[in-house]
Amino acid sequence: MYNCILEAKNITKSYIKNKKILDNINLKLEKGKTLGIVGESGSGKSTLLRILCGLEKSDSGQILFKKQDITSLKGENLRIHRKNIQMIFQDSLSAFHPRIKAWQAITEPIRNYNHFSKYELKSKAIELFNCVNLPLELLENYPNQMSGGQRQRLAIARALALEPQILLCDEATSALDVRIQAQIIKLLADIQRQRNLSIIFVCHDLALVKSISHNIIVMNSGHVVEYLSSDNLITQVNDEYTKSLLNASFFINY
Amino acid sequence: MIDIKNLTVNYEKKTALKNFSLSIKENEIVAIVGESGSGKTTVLRTILNILPQNSQIISGKIYFQNKSLLDLNLNDWQNLRGNEIAIIFQDTGNMLNPVRTIGSQFIEYIKAHSKLSKKEALNLSKQMLKKMNLQNVENILKSYPFELSGGQCQRIGIAMAMTFKPKLLLADEPTSALDANTQAQIVQELLKLHDEYKTTILMITHNLAVANYMADRILIMKDGEIIDFVDKNKLFNSKNEYTKELINSIPNLKGKRYV
Ligand SMILES: Nc1ncnc2c1ncn2[C@@H]1O[C@H](COP(=O)(O)OP(=O)(O)OP(=O)(O)O)[C@@H](O)[C@H]1O
Ligand SMILES: Nc1ncnc2c1ncn2[C@@H]1O[C@H](COP(=O)(O)OP(=O)(O)OP(=O)(O)O)[C@@H](O)[C@H]1O
Ligand SMILES: [Mg+2]
Ligand SMILES: [Mg+2]
């Protein structure tokens, strides 16, 4: 049976009059599955994710979480709901407070919802560091004292800390070398299997998206131009824009 | 063109670069790939003299056109940065001033490094942005950084760095936030700069296919050291274990699925 955990219905958004950044977007995320999103730079992917996790309001349309409309949640209800959906932001530096150390930054969300001793928090931080393959020598560093890819792993660890039901990944592995990237992708897939985690995975690398996703949508200037299933991706492609993405990729021939 | 000799750089007690040497000829394109945290960005920061407070150059020398870069004063740097050596940062979004429009920052950058009038600077900035496959350049110039997408910010950083046709271009993950089409176009623009103005390029990328396509030589880094280097189109013949592991991890449309 198809079990939809998150649904977007007719989402529309503009920042300036008559310039729709998102134009009537519809999508469904199945529980325990991954939906990949690819699309042109500036096509509205990050804006869509911010709307899905309630950080930004759409002009019209609905977001349903387990069939319940969450579009207008406020106050305590919104705070409790936030725990269900975690987002990993495209820009990892501005996602962290500059004066909070790495270990504190990733345990901060847990502290907001539970009571733990400092010792418990620190062991939780160590566990999370190991999980995303971050060297423990970085526990006491500030975010700007880490490399781009290390900070990105810190953001992944923070999002996983709360054990959300839905994880929204916005270019969450694009600053990683391909070996560590593959480890992180495997980690996400393992957590998905263990906890039935649902994931939306926005990324420019179509091959990587295919490796982690069950279904893929392609976006171009505020529209969804194609819905694909990863199983037979290449043979399904109809849309001209998607074809151009396939052709433009620097594929490795060896 | 640039000669880095036995460079060792620490952040507090941590050694980020160990005895790193690299010599790049004029008009060469060199790519650095390697592990996250291996010291790639540190190499570029050291060349451009923009290491953070808590760092220390323990030993080494850097020569750029036979000038010793580690011995220059502020005034020398003012003349060198932008015109002779330019950099594309790993996270352009954070290098831009959040409370000023792209237009005012771009114009100021141009005026700081040339004698152009404000109007000429505006025209030049438009011309540069158009090369970046950006739609609606007028709007972009009026925008604040937070109003732009990740890939739009990245392309502004590339446009700025290319403005003065520098002799040496340092590029830190210049296309990591770009879709395949835009990436292909930016790669062509970088190659055009290199062909027409003989710009030497030192580029960091996690995209091995882009490195293999663009670079004359590729260095592979791990733990602060160069552990392997290969010539153009020889990447996939490397015998190094880590390099082979990297190659096997490249996502592939016909490759491994995790779900
Ligand atoms: N706060 C804002 N105010 C005005 N315009 C905005 C704002 N945020 C985003 N935009 C515009 O909305 C469009 C979509 O941006 P978005 O960040 O969603 O794109 P994206 O698909 O994530 O792109 P990328 O792949 O480059 O990250 C862009 O043209 C951007 O300039
Ligand atoms: N300001 C700093 N203070 C302390 N340590 C730092 C600082 N900047 C970088 N480091 C450390 O130095 C090492 C090298 O960092 P660098 O940014 O050069 O890596 P990188 O190869 O560019 O990695 P990435 O591919 O993830 O961007 C990392 O282990 C990092 O944690
Ligand atoms: Mg984005
Ligand atoms: Mg770096």
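Residues are numbered from 1 along each chain as its sequence is written, and chains are lettered from A and ligands numbered from 1 in the order in which they are written. In this predicted model, local features need pLDDT of at least 70 and side-chain atom pairs count only at pLDDT 80 or more, while totals for chains, interfaces and linings use all residues.

Helices (H or I, at least four residues) and strands (E, at least two) are DSSP runs, numbered from the N terminus. Two strands pair if DSSP finds at least two bridges between them. Chain A holds an open sheet of 4 strands in the order 2-1-4-5, with antiparallel pairing. Strand 2 (19-30) and strand 5 (68-69) of chain A are at the edges with a single partner strand each, so one side of each has no neighbour in the sheet. Strand 1 (residues 4-16) of chain A is joined to strand 2 of chain A by 8 bridges in the antiparallel sense; within this pairing, K13(A) has L22(A) of strand 2 as its bridge partner. Helix 1 of chain A lies across strand 1, strand 2 and strand 4 (60-65) of chain A, at about 120 degrees to strand 1.

In chain B, an open sheet of 4 strands likewise has the order 2-1-4-5 and antiparallel pairing. Its edges are strand 2 and strand 5 (67-68) of chain B, each with a single partner strand, so one side of each is left without a neighbour in the sheet. Strand 4 (residues 55-64) and strand 5 of chain B run antiparallel and are joined by 2 bridges, and F64(B) has K67(B) of strand 5 as its bridge partner. Helix 1 of chain B lies across strand 1 (2-11), strand 2 and strand 4 of chain B, running at about 65 degrees to strand 2.

Helix 4 (residues 118-131) and helix 5 of chain A pack at an angle of about 125 degrees, with axes 9 Å apart. Axes are lines fitted to C-alpha atoms, for helices over the stretch in contact, and angles run from 0 to 180 degrees between N-to-C directions. The contact (C-beta atoms, placed from the backbone, within 7 Å) is made by L128(A), F129(A) and C131(A) of helix 4 and A157(A), L160(A) and A161(A) of helix 5. By class, this contact has 6 nonpolar, no polar and no charged residues. Ala, Val, Leu, Ile, Met, Phe, Trp, Tyr, Cys and Pro count as nonpolar, Asp, Glu, Lys and Arg as charged, and the others, Gly among them, as polar.

Between the chains, 43 residues of chain B are in contact with 48 residues of chain A. Helix 3 (92-95), helix 7, helix 8 (180-197), helix 9 (208-214) and helix 10 (241-249) of chain B each supply at least two residues of the side that touches chain A. That side of chain B has 16 nonpolar, 19 polar and 8 charged residues.

Residues from chains A and B surround ligand 1, so this site is shared between chains. Of the 19 residues around ligand 1 (C-beta atom, placed from the backbone, within 6 Å), S41(A), S46(A), T47(A), S149(B) and G151(B) come nearest. Helix 1 (45-52) of chain A and helix 7 (150-162) of chain B each supply at least two residues of the shell around ligand 1, which divides into 5 nonpolar, 12 polar and 2 charged residues.

Residues from chains A and B also surround ligand 2, so that site is shared between chains. Of the 22 residues around ligand 2, Q145(A), S147(A), G149(A), Y11(B) and T41(B) come nearest.

Definitions and conventions: Contact = placed C-beta atoms within 7 Å.
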